[in-house]
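Biologist: I would like a close look at a single part of this protein, taken slowly and with its surroundings described as well. Please tell me what the model shows there and how that part sits within the whole.

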Amino acid sequence: MIFDNIEYLRDGNDKQKAAYHTLTDYKIFEKLKDFSPLLTGTIPINIDTDESDLDIICYWKSKNEFLSTITKEFGELENFTLTEQRINNYETILANFNLGNFKIEIFGQNRPTKEQESYKHMIIEYEILRTRGEKFRQEIVRLKKEGLKTEPAFGKLLGLEGNPYEELLKYNGAK
């Protein structure tokens with residue numbers, strides 16, 4: 001599976017198709033093109049719930065340029081918020097807003113998108129889902145509907161000990 005662009009959503013399930021149309025109709029990735037945007041999270045790998053949002057990760061080299069672009073392009077959208085914090089020792093900018101039927105989160109750090117945990121987790125989770133099959137996928141979704149976050153749900157089903165966010169990054173499928 002290639003997650004480098006969102007074209008795969010066009011032929012996906014109903015939610016993936018709706019996500020594709022929202023992202024393309026509003027030209028979200030075009031507006032973020034200077035920041036290497038990637039869609040991550042649960043919707044791309046079909047383990048989303050009704051509460052799942054569209055997670056878009058970005059790589060900014062100039063924090064001010066990124067902040068300016070986010071504010072200019074999305075600042076007037078419904079429920080727009082913009083925060084700055086440190087996540088995994090990286091300065092992080094988070095923008096949230098509603099668009100169409102989706103909540104959208106834009107997550108920007110000063111490191112390449114494919115090096116960010118969100119992308120790494122999604123790739124590992126995708127491979128686990130691919131090898132473990134539909135029953136495993138359904139069990140992940142069930143645990144998520146019961147309130148577990150994605151990585152803890154994987155951790156529970158895979159029997160990972162310790163912090164599931166860290167342990168999943170080390171997972172090699174041999175367990």
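Modeller: The buried residues of helix α3 are covered by elements that include α2 (28-31), β2 (54-59), β3 (81-87), β4 (90-99) and β5 (102-109), and since this is a predicted model, what follows describes the prediction. The buried residues in question are Phe-66, Leu-67, Thr-69, Ile-70 and Phe-74 of α3. Around the axis they cover an arc of only 165°, and therefore they lie on the same side of α3. On the other side of the helix, Asn-64 and Lys-72 are exposed, where exposed stands for over 50% relative accessible area and buried for under 20%.

Seven of its 10 residues are buried, so β4 is largely enclosed by the rest of the structure. On one count, β4 is joined to β3 by seven bridges, with the two strands running antiparallel, and in this pairing Arg-86 stands opposite Glu-91 in β4. The hairpin of β3 and β4 has two residues between the strands, and Asn-88 takes a positive phi near 55° there. Strand β4 is also joined to β5, by eight bridges and again in an antiparallel arrangement, with Leu-99 standing opposite Phe-102 in β5. The hairpin of β4 and β5 likewise has two residues between the strands, and in this hairpin Gly-100 is the residue with a positive phi, near 60°.

To place this part within the whole, the protein has seven helices and five strands, which follow one another from the N terminus in the order α-α-β-β-α-β-β-β-α-α-α-α. Of the 175 residues, 45% count as buried, and among contacts with a separation of 6 or more, 52% are made by residues 24 or more positions apart. The C-alpha trace spans about 45 × 35 × 30 Å along its principal axes, and the radius of gyration is 16 Å, which agrees with the value near 16 Å that a compact globule of 175 residues would have. Finally, the accessible surface comes to about 9,600 Å², and carbon and sulfur atoms hold 44% of that area.

How values were computed:
Residues are numbered from 1 along each chain as its sequence is written. This is a predicted model: local features need pLDDT of at least 70, side-chain atom pairs count only at pLDDT 80 or more; totals for chains, interfaces and linings use all residues. Side-chain values use heavy atoms; hydrogens and water are left out. Buried means under 20% relative accessible area, exposed over 50%, partly exposed in between (1.4 Å probe, protein chains only). Helices (H or I, at least four residues) and strands (E, at least two) are DSSP runs, numbered from the N terminus. The arc is that of the directions from the helix axis to the C-beta atoms. Contact means heavy atoms within 4.5 Å. Two strands pair if DSSP finds at least two bridges between them. The radius of gyration is taken over C-alpha atoms; the globule rule is 2.2 Å times the number of residues to the power 0.38. Accessible areas come from the Shrake-Rupley method with a 1.4 Å probe; for residues, only the protein chains shown count as cover.
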